[in-house]
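This briefing goes through one protein model topic by topic. Please have the sequence and the 3D view open while reading.

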Amino acid sequence: MIKSLLLAAFMLVPAGAQAEQLANKLFGAKSTGSQQDPMPIGSYAKGCGAGMVQLPESGPSWQAMRLSRGRNWGQPELVEFLMDLSRTAQDIGWNGLYVGDMSQPRGGPMTSGHASHQIGLDADIWQLPPKSLTLSRAEREKISSIPVRSADQRSVTKNWTSRHLALMKAAASDPRVDRIFVAAAVKIEMCKTATRKDKDWLQKIRPIEGHDTHFHVRLKCPKGARLCQTQKPTVAELSKGGDGCDATLQWWVTDYLNPPKPTKKPKDPPPRKRHPREYTMADLPNQCKDVLASR
Ligand SMILES: [Zn+2]
């Protein structure tokens, strides 16, 4: 009896232990993409990426930064988009782009930082206009981007230029882009010169915490990517069909910074949401197991 119980327990351990291992440790340990057809699997903050490719570390109009992190990977659409945007950056008068974190080679939850960037369709782009596109690996670990948002979060800094605006407008006008995250003060600045014509691209510019030294581009699910989960609510829904230069944007520099005193007794706090760093494989779409196991 005891012997058979022990045997049963022993047989249960391997499967159970694997399900309990943290997904970010498993995905963080991979240094190559999976040999599969490209496919974003799941949602931006809960998923993984099959068949991902590397943004070359350097190109005629870009450099990938912080190479030690191994996060210059993405879906082929993202790599192509970044190359295109870096050429646009040259058209507006920059040398090109410094590209920050994209995804890990097989996506998935990250060992540090970001909740999203999991399916190979997110990329952070530095607000620092490149001075050189021949930085060494070591230099790319050392230099930092620059803040375009003030420390008090209320305005842009003197680093903000019309070229930054032109670059983000070009990015948001690209039909491949779903939305772009920036510090609220950056969007407020953009809204100052907005006209009716700007509605469609401004709608895609979304305020968020942080993002003072980079902007974050998120691509739509590519056509035919049946395992990719479209983000809801859409940017049109979030801004009720407008440009998003509204009270929900001003909230970031009013109530967000100076929360009004509660008039009623606070309700019980909502249950704590788990961070993707706590996810196990059981939390991710099933196909992510194949992505991990693939050559
Ligand atoms: Zn980001």
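Cys 48 and Cys 288 are joined in a disulfide, with 2.1 Å between their sulfur atoms. Cys 48 sits in strand β2 (residues 46–50) and Cys 288 in helix α10 (residues 287–293), so this pair ties together parts that are 240 residues apart in sequence. The model is predicted.

**Disulfides**

- The whole structure contains 3 disulfides, and counting bonded cysteines along the chain gives the pattern 1-6, 2-5, 3-4.
- The link of Cys 48 and Cys 288 is left-handed, with -100° about the S-S bond, and both Cys 48 and Cys 288 are buried.
- Cys 191 and Cys 245 form a disulfide with sulfur atoms 2.0 Å apart.
- Cys 191 belongs to helix α6 (residues 184–191) and Cys 245 to the loop between α8 (235–238) and α9 (247–250), so the bond ties together parts that are 54 residues apart in sequence.
- The disulfide of Cys 191 and Cys 245 is left-handed because the torsion about its S-S bond is about -80°.
- Cys 191 is buried at 16% relative accessibility, whereas Cys 245, at 28%, is partly exposed.
- The sulfur atoms of Cys 221 and Cys 228 are 2.1 Å apart in a disulfide; the link is left-handed, with -75° about the S-S bond.
- Cys 221 and Cys 228 are both buried.

**Zinc site**

- The zinc ion is coordinated by NE2 of His 117, OD of Asp 124 and ND1 of His 216, at 2.1 to 2.4 Å.
- Along the chain, the zinc donors have the spacing H-x6-D-x91-H.
- His 117 has a relative accessible area of 0% and is therefore buried.
- Asp 124 also counts as buried, at 4% relative accessibility.

**Helices α3 and α5**

- Helix α3 (residues 76–91) packs against helix α5 (residues 162–173) at an angle of about 145°, and their axes are 10 Å apart.
- The crossing of α3 and α5 is right-handed.
- On the α3 side, Phe 81, Leu 85, Thr 88 and Ala 89 take part, meeting Leu 167, Ala 170 and Ala 171 of α5.
- The residues of this contact are 6 nonpolar, 1 polar and no charged.

**Asn 72**

- Asn 72 is located in the loop between β5 (62–64) and β6 (73–74).
- With a relative accessible area of 6%, Asn 72 is buried.
- Leaving aside residues up to four places away in sequence, Asn 72 touches Val 53, Gln 54, Leu 55, Glu 57, Ala 64, Leu 67, Met 102 and Ser 103.

Terms used:
Residues are numbered from 1 along each chain as its sequence is written. This is a predicted model: local features need pLDDT of at least 70, side-chain atom pairs count only at pLDDT 80 or more; totals for chains, interfaces and linings use all residues. Side-chain values use heavy atoms; hydrogens and water are left out. Donors are N, O and S atoms within 2.8 Å of the metal (3.2 Å for Na, K and Ca); water is not among the atoms, so sites may look incomplete. Buried means under 20% relative accessible area, exposed over 50%, partly exposed in between (1.4 Å probe, protein chains only). Axes are lines fitted to C-alpha atoms, for helices over the stretch in contact, and angles run from 0 to 180 degrees between N-to-C directions. Helices (H or I, at least four residues) and strands (E, at least two) are DSSP runs, numbered from the N terminus. A crossing is left-handed if the near helix is turned anticlockwise from the far one by less than a right angle, and right-handed if clockwise. Contact means heavy atoms within 4.5 Å. Ala, Val, Leu, Ile, Met, Phe, Trp, Tyr, Cys and Pro count as nonpolar, Asp, Glu, Lys and Arg as charged, and the others, Gly among them, as polar. A disulfide is a pair of cysteine sulfur atoms within 2.5 Å.
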